[in-house]
Amino acid sequence: MTTLEMMQAALELAGLEKAPEDTGITYPGENVQKILMGIDMESPELLLAKELGFDCVVSHHPHSGLEMMNFYKVLDIQIDKMVSNGVPINKAQKALRKKMALLEAGSHPKNYDKVDSMAKLLEMPYMNIHLPADLITERKVQSLMDQISENNPRVVLQDIINELGKLGVYQNGLSKPVIRVGGPSDFAGKILVLMAGGTNGGVDVFKAYFEAGIGTIICMHVPEDVKKASEDQNIGNVIVAGHMSSDSIGLHEIIKLWRSMGLEITTMSGIVPE
């Protein structure tokens, strides 16, 4: 199997027609059979894969050239998500602008060729799948939340923690789901899962969601400034589900698909067992 065929299968599973800016094939390969896969796969993991006889390395997070430099562009998809949840489109765009500018400036001085050149020198096929896996995670967790709140307007935050805890990745991960803003007995209100779109949109994005009527945001991680601003605003709740465990949900779906296509996959570097 080729890396292109692997990528296409993952994109279709996520409902995408083409690879987003944060997802790509750094060094293509053919006749791929054995894959080493993890959340963060960089130069050391490429060397390990070569030593152990793997045919391809797959990273979740982007660590190579174009995907790393253009990562900020993926945040654009958050505009549609915000609009679909009641945020005016002009407000959504402005809320995201500050975060996108920070990410673009942060990527500018990075060594974009470090992992790329290693893959080429080793002749080790290398690719990453970020947004496709995150979209799968977001949809699965949102479906779970919709089920518990469908006929129960009095869902509290502890109910959400209990429901997340039923998933194997959250049971097996070291960083458990935790309430960062709010208390266990606080009503959840409308629950929104934000786990796709590059990274956390920042203070203005969370504020826009809460002002649009979202009661509780579930995310993978939340910076201190976003946490404090949400506390100060005092109308919404924030639950952090956990980064590695949440990333693993979507990755496991892709892994199952690839295995059904005959590929052998060994996981490491943060992928939490189901």
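Author: Angles under 35 degrees count as roughly parallel, over 145 as roughly antiparallel, 65 to 115 as roughly perpendicular and the rest as oblique. The model is predicted, so that local features need pLDDT of at least 70 and side-chain atom pairs pLDDT 80 or more, while totals for chains, interfaces and linings use all residues. Residues are numbered from 1 along each chain as its sequence is written, and side-chain values use heavy atoms, with hydrogens and water left out.

Reader: How is a pair of packed helices described, and at what angle do helix 7 and helix 12 cross?

Author: Two packed helices are described by the angle between their axes and the distance between the axes. Axes are lines fitted to C-alpha atoms, for helices over the stretch in contact, and angles run from 0 to 180 degrees between N-to-C directions. Helices (H or I, at least four residues) and strands (E, at least two) are DSSP runs, numbered from the N terminus. Here the axes of helix 7 (residues 131–149) and helix 12 (residues 243–260) cross at roughly 105° and come within 7 Å. Helix 7 and helix 12 are therefore roughly perpendicular to each other. Contact (heavy atoms within 4.5 Å) is made by residues including Ala133, Ile136 and Val141 of helix 7 and Ile249, Leu251 and Ile254 of helix 12. By class, the residues of this contact are 6 nonpolar, 3 polar and 4 charged. In that count, Ala, Val, Leu, Ile, Met, Phe, Trp, Tyr, Cys and Pro are nonpolar, Asp, Glu, Lys and Arg charged, and the others, Gly among them, polar.

Reader: What is the volume of the largest pocket, and which helix gives the most to its lining?

Author: On a 1 Å grid over the protein atoms alone, a pocket is an open set of points where a 1.4 Å probe fits, with protein on both sides within 12 Å along at least five of seven lines; lining residues have an atom within 4 Å of a point. Grid points are joined across faces, edges and corners, and a volume is the space filled by probe spheres set on the points. The largest pocket has a volume of about 650 Å³. Of its 38 lining residues, Phe71, His130, Gly198, Thr199 and Asn200 lie nearest the centre. Helix 4 (77–84) gives the most to this lining, with 5 residues. The lining comprises 16 nonpolar, 15 polar and 7 charged residues.

Reader: Which helix supplies the largest share of the lining of the second largest pocket?

Author: The second largest pocket holds about 170 Å³ of space. Helix 5 supplies the largest share of its lining, 4 residues. Among the lining residues are Lys98, Lys99, Asp204 and Asp225, and the lining as a whole has 5 nonpolar, 2 polar and 4 charged residues.

Reader: Is Ile89 buried or exposed, and which residues of helix 10 are buried?

Author: Buried means under 20% relative accessible area, exposed over 50%, and partly exposed in between (1.4 Å probe, protein chains only). Ile89 lies in helix 5 and, at 56% relative accessibility, counts as exposed. Beyond its neighbours within four places in sequence, Ile89 is in contact with Ile79 and Val83. In helix 10, the buried residues are Val205, Phe206, Ala208, Tyr209 and Phe210. Their cover includes helix 4, helix 5 and strand 6 (190–194).
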